[in-house]
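Me: I am new to this structure and would like a close look at a single part of it. Please take the place where the chains meet, and then set it in its surroundings.

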Amino acid sequence: MNIFILDSWLKEYLKTKASAKEIAKYLSLCSQSVEKLTQINNDWLYEIEITTNRPDCFSVYGIARELSAILPRFDIPAKLQPLDINQQLTTINKNSLPLEVKINKSSLCPRFTALIFDNIVIKPSPKIVQERLEKSGIRAINNVVDISNYLMLELGQPMHTFDYDKIKGNKMILRESQGGEKITTLDEQTRTLPDGTMIIEDGKGRIIDLCGIMGGNNSQVDEKTKRVLLFIQTYDPVKIRQTCQKLAFRTDASSRFEKGVDPEGVLTAMKRAVKMFEKNCEAKIASQLIDIYPKPPKEKKVNLNFELIEKVIGIEIPKQQVLTILQSLGFSLITNHQLLITVTVPHWRYNDISIPHDLIEEIARIYGYEHLPNNLPPIANINQKNNYFKWEIKVKEALKFWGFIETISYSMLSGQMLKIIGVNPEDCIKIANPLSEEWVYMRQSLIPSLLEIAAKNKKEKIKIFEMANIYLNMGKNQLPQEILTLSILISGENFATIKGIFESIMEELGIKEYKLNTYTLQKTFYGKIFHPSHRAEINIQKKSLGIIGEIKKEINRQFGIEEKIFIFDIDFSELVKIAKEDKKYQPLPKYPPIIEDLSFTIPPKIYIEEIIKIIKSTSLTIKSVDLTDVYQDNKTFRITYQDRQKTLTDKEVQKIRKNVIDSLQEKLKVKLKDKKD
Amino acid sequence: MNQEFLQNLKNQAISTIIETKSEDELEQLRIEYLGRNGKITQLIKDIPTLSEEKRKIMGGLINENKKIIEDALVSQKNNLQRQSGNQEKDWFDFTVPGIKPKIGNLHLISLTIKEISEIFARIGFNKVSYPEIEWDWYSFEGLNMPQNHPARDEWETFFIENLSHPKYGNAVLTPHTSSGQLREMEKVKKTLSTDRQVPIRMLNIGKCYRRQIDASHAPMFYQFEGLVIDRDINITHLKGTLDYFVKQYFGLKRETRIRPFHFQFTEPSFEIDVTCIVCGGKGCSVCKEGWMELGGAGMVHPNVLENGGIDSLKYRGFAFGWGVERLLMMKYKIDDIRLLFNNDLRFLKQF
């Protein structure tokens, strides 16, 4: 959370000649980060990001305390000024105004204090109070309310003021709400409270405070107020946080309470408040101080071994310097042995400092990280090898050079999308608290995302791919299976183009043992979105790993795509397991090949693969067979004959050719194309 | 005379034509096949001697093959002329637009991940990846962030409906790659016997998810997480590693600084700044007094080491987890993260 602090206010508590720029720089380097420094007239405003572990820095005084330890390290003298708290709190013995307090569970409220003022004159605050509040981003209201806001900024202790006469029965009961109780808060919002919310009820059963977050408007101070109940507490931070989350409502006060407010600081705040009430409101104390503090925290001690300091920080810091740093931050030394010391933790750091490493951080940050050298860690034998990434890069780069554009889309799909592609939402991993309807289900396939992208960019013929995890529901108590998947989309081409991409990728991965089969299932995801026959299943080592095919027209229409879409979709994680790099050297042939084209007339329903297989198996001298031309049922094959031992003669080739023609004729009724036709 | 003979004759002619090295040689071949007494010419002369049926078939075929051989001669002649020198005086237009192969594009995130991985590989880091959908234990609890801890607020987390584990808690979409820290420790422990060292040099890169969307936050984004664990690891190694990375990625002129910060899973914790790439460190509107925030880091908290089964008295480590998009947006001056996931091809084609 960010806070705003005025330089002039800061310097009321920190005597130093440091400039605002110096303060911003050194505070950032050693403690909390100054995000912004703005000049306002002849003052400066620091915007400071306070980390969650440092609620003690949520105030002007807290920052001044930090700087008093930091600035001297940069040779800038700085001295923290004591707070003006020489105040008697229990001066009234007679005619004390009554207040009965009941706390239902002491863990809810570690410390409860209250004090009543009489003779209040409501008017605007003194100019300096108004100005400081407004420059720090809080609206000035009146002299009473402003005191609580002013001291929250100055000391980090939120507090609340009630009109004492609006608390019926002079009674406060602090309890947890139940059964949907309601409160109208100062901002005039009526809020239904989740069960277990900390509230205060008065003697007439009215809820007058939403503890630690905001007061009720039924008891607020207004221009007619004469008597004020000042109320300073600390609360169970977890409770406050839960309530704020459930109500989706936070205030400056709750942000401080939920990070933990120091109960030892409560009386300091009370004393400062009394001073201000007397000065700004002409008020008189009209009650005994009520201070319910059943379990003050015990003194906290932490041991520190000097060897560990060096091990963590990496250099040796002289012992005296370590002690000086710790003392400047408020730690006191209890025992001091050669290599081991024990210190007590100052009360304002009670929850933050527990183990030696916490002390080491204090020493290192004040010593200054910029004084530490930069070293690289030693190289280690880590006994791990990960090939995944190598193949991933290889395939992605190949695709890029083949003209494909890589896309990255969100892993989540909408319910509407599941409907279009025919996936049952019950089968998907679902986000319980989605950000929008667009992103609810974790995708089980990359194909819908690619189709969306094709639809969005439909002005051009596109070639795109994505490589990402898909998420398969594995049922109760099990994390879903995340499978790295490669999906490629081509629009406006044909089956052979996408198949060629598949074949080339297999070549790049050194995988030869793959097989395409007809894919007959109609009710699967693939079955529903792919053309019922223009598709083939990819099988490798008897596992079905993916599909190549054309998307159904109906699906295209749903996405608003007119072009034919061809997709190749495969489980990339399985491919990586069998990908190979080893290539074999073969001596170059010494004798020239003979190459010729033969055209055949092919009867229907004969797979080209079969023809090629028959041609190849005719003779070992046939080195390769390629399909070069297709015209109606005529197909032309280019045959390369080559013998490793000798130059082939016409006669030899003639013999093989005859065998090819005969066996095609015999096995498949395929005829050599007759030139007469 | 038959078809086979003709086919062989043609094959022979073509292969010898392609082999020729000079126009003289080529002329010899022309005479050999198409000259007055050439082999093809001879066949044509013989046509009238064939039977009527054969005449029809062979007539067509011979002419077809004659044409093929003629074409081959012409095209080889052109080739030879192109190859031979003595063309200094030819006017040549080198400004003709080149014919480029059609090349696609890798996504900027992929390019960046590759670059990051290579930079860290050079100092011995091993790239891994861990689940995106993860148990609460790995994403929070085991990283020293118990339920209801205010530090959890920083991670606007997506929860998975109806999925939890009796020991590891609810399933979430991991909001950071730090969830890989405990996974890596467990993996390394499994592969080594207890008395041996457990050096870790991990670079975990993956998708993370948070419930936020605006110009600098997308609900899905990438992080890279470094984790180094060994006997003698200290803050100077963290400083050195991150300074090395920044100089490799942004350029040798960049300076880095580390500032105290707070994370539950590291102690001490830091944030790393780099001198502003816009103003070079003088201070401008996009930076903080000359510095830009890169990301968090810290020394692995002893509780986290113990949760990962590693003896925190013997071992120490450091970790950092930074946003991939943040880095590339700084480097390429991209002002809206959502552009990276919109898949507008006009954007993707720029990289």
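Reply: Between chain A and chain B, 33 residue pairs are in polar contact, with both residues of each pair at pLDDT 80 or more. That confidence limit applies because this is a predicted model. On the side of chain A that touches chain B, the largest share comes from helix α12 (residues 388–401) of chain A, which gives six residues. By type, the residues on this side of chain A are 45 nonpolar, 27 polar and 26 charged.

The contact as a whole involves 98 residues of chain A and 101 residues of chain B. About 8,600 Å² is buried between the two chains, and carbon and sulfur atoms give 57% of that area. Three residues, A:Ile408, A:Tyr410 and A:Leu479, supply 9% of what chain A buries against chain B, more than any other three residues.

Charged pairs also cross the interface. The rule finds two salt bridges between chain A and chain B. A:Lys430 and B:Glu161 meet through their side chains in a salt bridge, with 3.7 Å from N to O.

B:Glu184 sits in helix α7 (residues 179–191) of chain B. Its relative accessible area is 2%, so B:Glu184 counts as buried, the limit being under 20%.

B:Asp214 lies in the loop between β5 (200–209) and β6 (220–230) of chain B. With a relative accessible area of 33%, B:Asp214 is partly exposed. Beyond residues up to four places away in sequence, B:Asp214 touches B:Asp336, B:Ile337 and B:Arg338. A polar atom of the B:Asp214 side chain also lies 2.8 Å from the backbone nitrogen of B:Ser216.

Chain B is given domain 1 (3–83) and domain 2 (108–348). The centres of these two domains of chain B, taken over C-alpha atoms, are separated by 72 Å. For chain A the assignment lists domain 1 (2–80), domain 2 (100–292), domain 3 (301–371), domain 4 (388–578) and domain 5 (594–672). Between domain 3 of chain A and domain 4 of chain A, the C-alpha centres lie 56 Å apart.

Over all chains the structure holds 54 salt bridges. One of them joins the side chains of A:Lys166 and A:Asp222, at 2.9 Å from N to O. A:Lys166 is in the loop between β8 (160–163) and β9 (171–176) of chain A, while A:Asp222 is in the loop between β14 (214–215) and β15 (228–234) of chain A, so this pair ties together parts 56 residues apart in sequence. A:Asp222 is partly exposed, at 24% relative accessibility.

Another pair is set within one helix. A:Lys499 forms a salt bridge with A:Glu503, and the closest N and O atoms are 3.9 Å apart. Because A:Lys499 and A:Glu503 are four residues apart in helix α15 (residues 495–508) of chain A, about one helical turn separates them. Both ends of the pair are partly exposed: A:Lys499 has a relative accessible area of 25%, and A:Glu503 has one of 32%.

Chain B has a salt bridge between B:Glu32 and B:Lys39, whose closest N and O atoms are 3.1 Å apart. B:Glu32 is partly exposed at 34% relative accessibility, and B:Lys39 is partly exposed at 34% as well.

Finally, salt bridges in chain A can link up into a network. One such network is made of A:Arg54, A:Asp56, A:Glu66, A:Arg349, A:Asp352, A:Glu362 and A:Arg365.

Definitions and conventions: Residues numbered from 1 in each chain as written. Chains lettered and ligands numbered in written order. Predicted model: local features only at pLDDT ≥ 70, side-chain atom pairs only at ≥ 80, totals over all residues. Heavy atoms only, no water. Contact = heavy atoms within 4.5 Å. Buried area = accessible area lost by both parts, 1.4 Å probe. Salt bridge = Lys/Arg side-chain N within 4 Å of Asp/Glu carboxyl O. Polar contact = N/O pair within 3.5 Å; in protein donor to acceptor, adjacent residues only side chain to side chain. Helix = DSSP H or I, 4+ residues; strand = E, 2+ residues; numbered from the N terminus. Nonpolar A, V, L, I, M, F, W, Y, C, P; charged D, E, K, R; others polar. Domains from an automatic or database assignment. Buried < 20%, exposed > 50% of the residue type's maximum accessible area, 1.4 Å probe, protein only.
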